[in-house]
Amino acid sequence: MVHSVPPRTPRQPVRQRPRLRLLLASAVASAALVAATVLPVQPLLPAPQQAQAAGDRAQVLTVAVSQSVDSLSPFLAQRLVSTTVHRLAYEYLTNYDAKDARTVPGFATAWQPSADKLTWTFTIREDSKWSDGKPATAEDAAWTFNKMMTDPNAATANGSFTANFKRVTAPDPKTLVIELKKPQATMTALDVPIVPKHIWEKVGDFSKFNNHKQFPIVGNGPFVVTDYKVDQYIKLKPNRDFWRGAPQFDELVLKYYKDGDAAVAALQKGEVSFASNLTPAQAAALKNADNIKVNDAPGRRFYALATNPGARSKDGKKFGNGHPALLDPAVRKALFQAVDRETIIDRVFQGHAVEGQGYIPPRFDSYFWQPSAEQKIAYDPDAAARTLDQAGYTKNASGKRVGKDGKPLDLRILCHATDPNDKAIGKYLQEWWGRLGIGLKVECLDNVSDPWLAGDYDLAFDGWSVNPDPDYVLSIHTCGALPATPKDSGATDNFICDKEYDDLYAQQAVEYDAAKRAELVKRMESRLYDTGYMNVMAYPNAVEAYRTDQIKSITTMPEAAGNLWGQDGYWSWWSAVPADDGDGGTSGGSSSTALALGLGAAGVVAAGLGLFVAMRRRSTAEDRE
């Protein structure tokens, strides 16, 4: 049954929880498969009844995942699994409601702008404290933002939110005052984890500190990170002092599965109770399975082809070995004219996706943009051949297209080795572009990050999860997101730097009128489309499944036809309610456990973990929340 789970009062722990050790991930994972093993779910009960129903056994919710964590530092982390952990471990000033993604209180209970919109006053809740017992106050929030404003390394992940901040103060423990240089439309959607000053002020170099050596990690969110084993698991325990009420499970375990079929097999055996990012074949196999329900809902991601626009840094230095032909708009246009999106939807996603057009998925209808008939780059192989001919890229005697340098046009595309969609579409691209006389090498790697960050690629399969407020995914294509030097970290997605796009970004950032801002965002999408640096092929559905004999209730986000994995906020795992499997549950996921995903936002928790490598990070197709 899918439904909303209301806020609740804390319950007493069924039994004391062990601690957790954590380390961070080195291999850049591709398509993150996420599955959850959860203990049987029961209705919300008063604490004594819950303890009695559970008996003396700890109830463990285990989530199977295959994406590596880039960092446990909120100042560096960008991948979805990492930011999900941070949503569980830290509060943000505001949250998104599961029903309709409207802004709701988080660490702040209220907020008020000045008449000129240049000063924002946030009232900080008095009932929040850090997991080490110290009070969480406005001073922690002020310190977090000031650190990002004064230390470029601390602004790596979320610096776009504070770039316009002029001054941040905490006149008293419950009052936070943010002064702006100019109006800022994202002030009620600052997706920045607030960290404890008394812990983080001891950190030296923020570019190298990954927060992975001391556990439990001090936070004020609904969970506390307690343990980690590389490529095995990450564990979290409920924060019993969380102001909204403690989570229902005694422990949350994120279990690593590199292979998606292995995670699905675990779901079928009851070792895992929830699995996400299912392939069409997996979803079909599970559709009629006993005690398993498949949820197929519109997603919040886009899936795209990205071209290397010529990697460069803010200091003007160029680096990488991207193919020079891709700097020609005619070549980019011809390649995209030869991409058959309908075939991709029908044969690769097998209907579990919508044909891609603009940068922001149709789920966010206010910002959804579609090219006009005249503007649209439609599938037309003959037109693609003419585009190349007219631009001077003719075929030689062997039928190969020849570049301006007289050499055959042979391109490379970065492919995530664990993503079956990348591999399948890569084969189609080889066929389609081969007919144009263009060669394509599909480079499927476990770690696409190194060549991507070095600019050593021609094209790449790309994708991001979009938040209700799209500012972040818009910011990663601005000139300001480029790394300062080739050796530095940057928030850029694909090294795009376009003045027209930047001007529109600056305008939307200060526009408080929702309709006017939406129009500016659509103009940004139009400009990005016209540059040809990003070709959105599809908006994949959230295809996921859970065991109905272990999960009694689960909440989607949005409430109507929404997804379970990859939500905004911490709602899913915070509100998960153990089901009664008749034997009191199990510990550590050794047998079935159940899951109830609540109100809707925690966009699942981290996964496949290895040693962190500090660098400008490139993600998988499900990177940023």
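Helix α3 has 13 residues and runs 18 Å from its first C-alpha to its last, close to the 18 Å expected at 1.5 Å a residue (the expected span being 1.5 Å times one less than the number of residues). The model is predicted, so to speak of local features a pLDDT of at least 70 is needed, side-chain atom pairs count only at pLDDT 80 or more, and totals for chains, interfaces and linings use all residues. Residues are numbered from 1 along each chain as its sequence is written, and side-chain values use heavy atoms, with hydrogens and water left out.

A pocket here is an open set of points on a 1 Å grid over the protein atoms alone, where a 1.4 Å probe fits, with protein on both sides within 12 Å along at least five of seven lines; lining residues have an atom within 4 Å of a point. The volume of the largest pocket is about 970 Å³, and G159, S160, A163, K314 and G480 are the closest to its centre among the 45 lining residues. The lining comprises 20 nonpolar, 16 polar and nine charged residues, with Gly counted as polar.

Across the chain there are 16 helices and 20 strands (DSSP runs of H or I with at least four residues, and of E with at least two). Of its 625 residues, 62% count as buried.

Conventions
Points joined across faces, edges and corners; volume = space filled by probe spheres on them. Buried < 20%, exposed > 50% of the residue type's maximum accessible area, 1.4 Å probe, protein only.
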